[in-house]
Amino acid sequence: DASKTAGGASTPFSKVPMGLPGLECRMPLLVSGYLHGRLDSLQQVARLGCEMPARLYGLYPRKGVLEVGSDADVVLWDLEARGKST
């Protein structure tokens, strides 16, 4: 088993002790997809990067949406900035 967790690949996300390798690249890749025309809108970026993972892990609507009563986890993104993921 090449898994990074003691419980193996079937370990629930909430029990992964060190997080998920590569997770920090998720939003930059989604925004890049939008900027290069692969995604239709920033709403699609938010849906794929925030709402869908929250639904997948049973955290929606407490997470993954900006609504009254939900946690206010917000990301501000400068669409003009350029950088490189290393």
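A few words on exposure before the points: a residue is called buried under 20% relative accessible area, exposed over 50%, and partly exposed in between, using a 1.4 Å probe and protein chains only.

This is a predicted model, in which local features need pLDDT of at least 70 and side-chain atom pairs count only at pLDDT 80 or more, while totals for chains, interfaces and linings use all residues. Residues are numbered from 1 along each chain as its sequence is written, and side-chain values use heavy atoms, with hydrogens and water left out.

1. Let's start with Arg55. With a relative accessible area of 42%, Arg55 is partly exposed. Its side chain meets that of Glu51 in a salt bridge, at 2.9 Å from N to O. The term salt bridge here covers a side-chain nitrogen of Lys or Arg within 4 Å of a carboxyl oxygen of Asp or Glu. Glu51 and Arg55 are 4 residues apart in helix H2, so about one helical turn separates them. Helices (H or I, at least four residues) and strands (E, at least two) are DSSP runs, numbered from the N terminus.

2. Arg55 has another contact to look at: it lies over the face of Tyr60, 3.8 Å from the ring centre. For a charge to sit over a ring, NZ of Lys or CZ of Arg must be within 6 Å of the ring centre and within 35 degrees of the ring normal.

3. The peptide bond from Tyr60 to Pro61 is cis, with omega near 10°. In general, most peptide bonds are trans. Pro61 is found in the segment after helix H2 (42-56), and Pro61 is partly exposed at 42% relative accessible area.

4. Which residue lies 10 residues from Pro61 in sequence and 8.8 Å from it in space, C-alpha to C-alpha? That residue is Asp71. Asp71 is partly exposed, with a relative accessible area of 29%.

5. Asp71 takes part in a salt bridge with Lys63, where the closest N and O atoms are 3.0 Å apart. Asp71 also forms a salt bridge with Arg62, and here the closest N and O atoms are 3.5 Å apart. Arg62 counts as partly exposed at 44% relative accessibility, and Lys63 counts as partly exposed at 25%. Salt bridges that share partners join Arg62, Lys63, Asp71 and Asp73 into one network.

6. Finally, a total for your notes: how many salt bridges does a search of the whole structure find? The search finds 4 salt bridges.
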